[in-house]
Amino acid sequence: MVDPRVRIGFFTDKNRAFWILQGGGWTAYLMLRALSGLANSMGLAFVLPAVIVTATGFSITLLLAAAYRRLIAMKPIWTWTLTAMLLMTAAALFSVLEVWAHATFYQPGWQPKGIQFLGAILLDFSVLGAWTGLYYGINYYLLLADQSERMLNMAAQANSAQLAMLRYQLNPHFLFNTLNSISTLVLLKQTDRANAMLSRLASFLRYSLVGEREGLATVAQEAEALKLYLDIERTRFEARLRTRFDVAPDVMEARLPSLLLQPIVENAIKYAVTPSEDGADIVVDARRMADRLVITIADTGPGLAATPAESGGTGVGLANIRERLAQSYGLDHRFELADNDPQGLIVLIDIPYQTDAVPQSAANLVAAPQLASQG
């Protein structure tokens, strides 16, 4: 039997829908038979047997419904075999009672015998067959709708789980390097710096593990998380790591997948800051262009040629970002890498501008920095 919680309009309450259709259908059947008899000059005497026949059909279909509720859950071969047998038996019983009612109340002088009681079996079989077809059709439709709803829920849960998994894939190198730096500071008895670094690491990890519902964060929250991360790295690189944030005020409440930008900044540190004695500059820019949120992260490192297609030996990095963007926005996004002018690498992310209050879906891409696509 189909789960009664299926929410499909009229069939929200399946019990109520059944009784409405059952009562309405057999009332229409009674009116049709009575009017047909009167139109054929059979007189008011024909109405009583029509009422009896209708009550008989109503009662038989209730019994069939009780049986069909069990049959519908069986294997198809048993469902249809037993349904055919029940339908033939019910049609024969219906015919016997109909002929009896007709002979008793409309033609009292006629005494049907034997096979004559099956005189109405073709008509009754057609009526019950139509009722059976309607019953199975509606229930299979509801069953299919329920399964579709379950599959959609499962797909949504799987998608959420995959997004969460991608979101939690922080590069272990960052964590190991940070812990090593804290250990070094402790050995050097620089406890204040070690405590400050440990506090920032705890705050960053808390943000990465808790986050918000559905893994979304505002641009303001992402910027704060990046600043925490950069403060941790600045303990290691000091003046070699120079950063600037140019975030327009009107995008502070815009939403994006949380921790989406951290692997890009980590990439910039790894390939622009680490190899250079003078370090590098990293600039994070976020602004709104019509109904799009456009974010660029630029550095002054060696540029695109020195950056692998996928960062890090763990397989986490650019591939993670591409996958998260595809999971969150489908084809409605851009993720591109290109050489910065005059030197370095620039990464572009172009996604729909969405906020908590007024989500906006964008169908068209707007003018944004045209960058050469990577891979």
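**Close-up views of a predicted model**

View 1. Being 4 residues apart in helix α4 (residues 121–167), R150 and D146 are separated by about one helical turn. The model is predicted, so local features need pLDDT of at least 70 and side-chain atom pairs count only at pLDDT 80 or more, whereas totals for chains, interfaces and linings use all residues. Residues are numbered from 1 along each chain as its sequence is written, and side-chain values use heavy atoms, with hydrogens and water left out. R150 forms a salt bridge with D146 (a side-chain nitrogen of Lys or Arg within 4 Å of a carboxyl oxygen of Asp or Glu), the closest N and O atoms being 2.9 Å apart. D146 is buried at 10% relative accessible area, while R150 is partly exposed at 42% (buried means under 20%, exposed over 50%, partly exposed in between, with a 1.4 Å probe and protein chains only).

View 2. R242 pairs with D281 in a salt bridge whose closest N and O atoms are 2.8 Å apart. Because R242 lies in strand β2 (residues 241–247) and D281 in strand β4 (residues 280–289), the pair ties together parts that are 39 residues apart in sequence. R242 is partly exposed, with a relative accessible area of 34%, and D281 is partly exposed at 30%.

**View 3. The packing of helices α2 and α3.** Helix α2 (47–71) and helix α3 (residues 76–105) pack at an angle of about 165°, with their axes 10 Å apart.

Notes
Helices (H or I, at least four residues) and strands (E, at least two) are DSSP runs, numbered from the N terminus. Axes are lines fitted to C-alpha atoms, for helices over the stretch in contact, and angles run from 0 to 180 degrees between N-to-C directions.
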